Amino acid sequence: MSQEPSATTPSRGARAAVFAQLTGAGRSEQVAQRLTDAILLGVLAPGDRLPSEAELAKRFGVALVTARDALGAVREAGLVETRRGREGGSFVLATEQAPERLLQARLRGLSQVEIADLAVYFGTLAAGCAERAAELASTDEAERLTAWLHDADFSAASDSGRNAGGFYLEIAVVSQSPRLVREQIRLQAEFGPMLWLCLTDPAMRARVYAQNQRTAEAIAAHDAAAARASVRAQISDLSAWLLAAKEHLEQGAAADG
Amino acid sequence: MAENHSADSVQARARNCAAAIGALFNGVFGTLDHWRSRVEASTAWDAGEVDPAVYAMVGPELTAADPLLIGAGFIAAPGVVRGKGLHFAWWLGPLEDNPILGTTTEPSQLDLASREYADYLRDLSALEWYRVPEATGARHITGPYVDHLCTCDYILTLTAPVVVGGSMAGVVGADVLVRRLERDALPLLRAVGAPTALVSAAGRVIVSTDPQLPVGTLATADAGPAWSGAIACPGTNLKVLLRTAQ
């Protein structure tokens, strides 16, 4: 990973939130899942070099052996290859399967109740941030949020995911709460790619953008109830989209079988 | 008469408090001035030269016992550091439980590649801590705000413009945690002997001895007539608000 962010890499949004610290059990699996998600969603692109084992261990806050195990699992899944030598390292491979099919595998791997609960948790956090932001935003902050959203690109799937996540992070910042900001960063690192799967759908991109505009307007107007309602409506839509996609996928599979 | 006398001394103590807080910030700005003149005198503009030189300046401030500063450095305007856009020669002091860096015992250089959740921010030079000194040519205090690029904490950022050959070459700056500042500022506010709040130019409360006006809230004009005027902290854009009537 270079020091200087490259301006040309597409869909690198949240790339390094990928590497944010982990807590809890099964850390090796968590590291592997985080890396797998990032590769499947194009956050890490083919040809990208992953950080070294030592660097991964440091970034995730895990033992070296844990990072090594996780990297081994991702390598066995055929997502990265490790080259030796001075120019060596672990590089993301171009996957032959369409990312969409791999994403579907991820969607299958989560139960309905996990998806629904994730939406409840993210929605509660985001709505709380929006309510607090509406109460506390200074004129400058509200104007900055509105101007940022005005210029944000929601026309392509990859930029939309980055910007949709960025919008909620900005709102958390306006809430003046470090805890809410940290939790946003953590949650988006863990589930951001899942949450924004719906933005592969152009109709959903337009809908999310329009909802974000309503949220920003409500925050600027210090209308906490409207800000909360607008965020909750969006998260309901995300949840419904994910559950419908999973249902469609599994019914299709059942019909094929 | 006695009441007037007491009100007068509250006012006088509030002015002393504002002066002491001003002095505290002017101390940091004095350090920034020193860094600024050293950067302005620099003749070596490769990243491999700029970064160690900046660390040599700011490192001691970050590793001192009980440091006031949690982050410090030089942010170079695009093109100033050879081959770089906006370049961050910026260090974070030892951190506790940072969401990206975990717990660190030594200063770490800000690595923007590890902050890409923030790359929806298309233009970092549009942020207040850079934009205002660039526009005004003067030093500036940004915040309090939640900094999600570096500390993931509630901070104030002090910046001063660096000018080389007549053009903007970037800013030198320092971050102060609000919870660290609180330790120094609270005794000064308490010495006033009446509910008092230190607020930013925008009226955002930084430290307060009034539970009705907690940190993070906005003390704006519509907060009511109970707030009798604001006393500027000399040399800063901060103010001390004093509640005189209950």
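**Exercise 1.** Find which domains are assigned to chain A, and how many Å separate their centres.

*Solution.* Start with the bounds, which come from an automatic or database domain assignment: chain A has domain 1 (17-96) and domain 2 (100-256). Next, take the centres over C-alpha atoms: domain 1 of chain A and domain 2 of chain A are 26 Å apart. Keep in mind that this is a predicted model, where local features need pLDDT of at least 70, side-chain atom pairs count only at pLDDT 80 or more, and totals for chains, interfaces and linings use all residues. Residues are numbered from 1 along each chain as its sequence is written, while chains are lettered from A and ligands numbered from 1 in the order in which they are written.

**Exercise 2.** Work out how many helices and strands chain A has, and in which pattern.

*Solution.* Helices (H or I, at least four residues) and strands (E, at least two) are DSSP runs, numbered from the N terminus. Counting them in chain A gives 10 helices and two strands. Then read along the sequence: α-α-α-β-β-α-α-α-α-α-α-α.

**Exercise 3.** Describe the largest nonpolar core and the contacts of A:Ala130.

*Solution.* A nonpolar core is a set of buried Ala, Val, Leu, Ile, Met, Phe, Trp, Tyr and Cys residues joined through C-beta atoms within 7 Å. Buried means that 20 or more other C-beta atoms lie within 10 Å of a residue's own, with C-beta atoms placed from the backbone. The largest such core has 111 residues, and A:Ala130 and B:Leu198 are among those with the most contacts inside it. Helix H5 (residues 112-136) of chain A gives the most to this core, 10 residues.

Now look at A:Ala130: leaving out residues up to four places away in sequence, its contacts (C-beta atoms, placed from the backbone, within 7 Å) include A:Ile171, A:Ile219 and A:Val231.

Technical notes: A residue is buried if 20 or more other C-beta atoms lie within 10 Å of its own, exposed if 12 or fewer, and partly exposed in between; C-beta atoms are placed from the backbone. Two residues are in contact if their C-beta atoms, placed from the backbone, lie within 7 Å.
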